[in-house]
Amino acid sequence: KKIEKRGLPFIAVPTTAGTGAEVTKNSVLSSAEHRVKASVRSPYMLPTIAVIDPVLTITVPPNVTASTGLDAFTQCLEPFVSKLANPLTDAIAREGIGHGARSLRRAFENGRDVDARRGMCLCSLMGGLALANSKLGAVHGFAGVLGGWCSNAPHGAICARLLPFVMTANVKALADREPDSPLLAKYDEAAKIITGEPFAKSHDAVTWIQQLCDVLNVPPLSTYGLKREDIPIVVEKASKSSSMKGNSILLTNDELTSILVQAL
């Protein structure tokens, strides 16, 4: 049932740097009983005002800083390489990727680093703006399903565990099936932003992200109860998700299965 009218005016003041929900029309409902997470979306759900103050995130503990920050970072990277990206979302996502890459580890290691907290708040805000206008990709296509399937799993930790394997699969699929796609160059551009190296390629970004996940203690998906026998149904559900529509390229069920097997 659609939301048919706007509710009372409200001011959104995030106290974590993660979802960017303060600038989106999205909300999420979860049911552990049904092993489902579902989005509720309406322009009537947009806040009247959004206020982002990094000082409000200073007391966020390291594990929450890591999981929310990894979500924010992913939500900048996926829109940047989305097949629905455009010059405006590229500008926002590009800036957000840089803030996340420079700030997340610092915020994790020293929560009172206000400059790092500011960088992550910008990363989160920019991720929200970017995803609202160019969608996400296979990481979030999986994460929505897995968040319901493994109800105790932090959303950002799921995203982070999947991100290197999704990036690798997307780049390989593009190189094999759409070698002239401009998205291949954007993966390399993202790698340069992420690593700070002028000649970096996509595989360098994958290595960098895997190393960051090690520092932030991101566990395999099996930690949250995902089993190999669950993979077929997760793939089936994820392939139909809204976020998959923005993925760089349509991945086959075999490619999606391989991503989950590696992430276990």
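Student: What pattern does the protein follow along the sequence?

Tutor: Read along the sequence, it runs β-β-β-β-α-α-α-α-α-α-α-α-α. The protein has nine helices and four strands. Helices (H or I, at least four residues) and strands (E, at least two) are DSSP runs, numbered from the N terminus. This is a predicted model, where local features need pLDDT of at least 70, side-chain atom pairs count only at pLDDT 80 or more, and totals for chains, interfaces and linings use all residues. Residues are numbered from 1 along each chain as its sequence is written, and side-chain values use heavy atoms, with hydrogens and water left out.

Student: Why is Cys-76 called buried?

Tutor: Buried means under 20% relative accessible area, exposed over 50%, and partly exposed in between (1.4 Å probe, protein chains only). Cys-76 has a relative accessible area of 0%, so Cys-76 is buried. Cys-123 also has 0%, so Cys-123 is buried. Of the 264 residues of the protein, 50% count as buried.

Student: How do you know that Cys-76 is in no disulfide?

Tutor: A disulfide is a covalent bond between the sulfur atoms of two cysteines. Here it is taken as a pair of cysteine sulfur atoms within 2.5 Å. By this rule the count comes to zero disulfides. For Cys-76, the nearest cysteine sulfur is that of Cys-123, 3.9 Å away.

Student: Why is Lys-135 called partly exposed?

Tutor: Its relative accessible area is 29%, so Lys-135 is partly exposed. Lys-135 sits in the loop between helix H3 (114–134) and helix H4 (138–149). Lys-135 has a positive phi of about 65°, although it is not a glycine.

Student: What makes Asn-217 count as exposed?

Tutor: Asn-217 has 59% relative accessibility, so Asn-217 counts as exposed. Its place is the loop between helix H7 (202–215) and helix H8 (231–238). Asn-217 is not a glycine, yet its phi is positive, about 60°.
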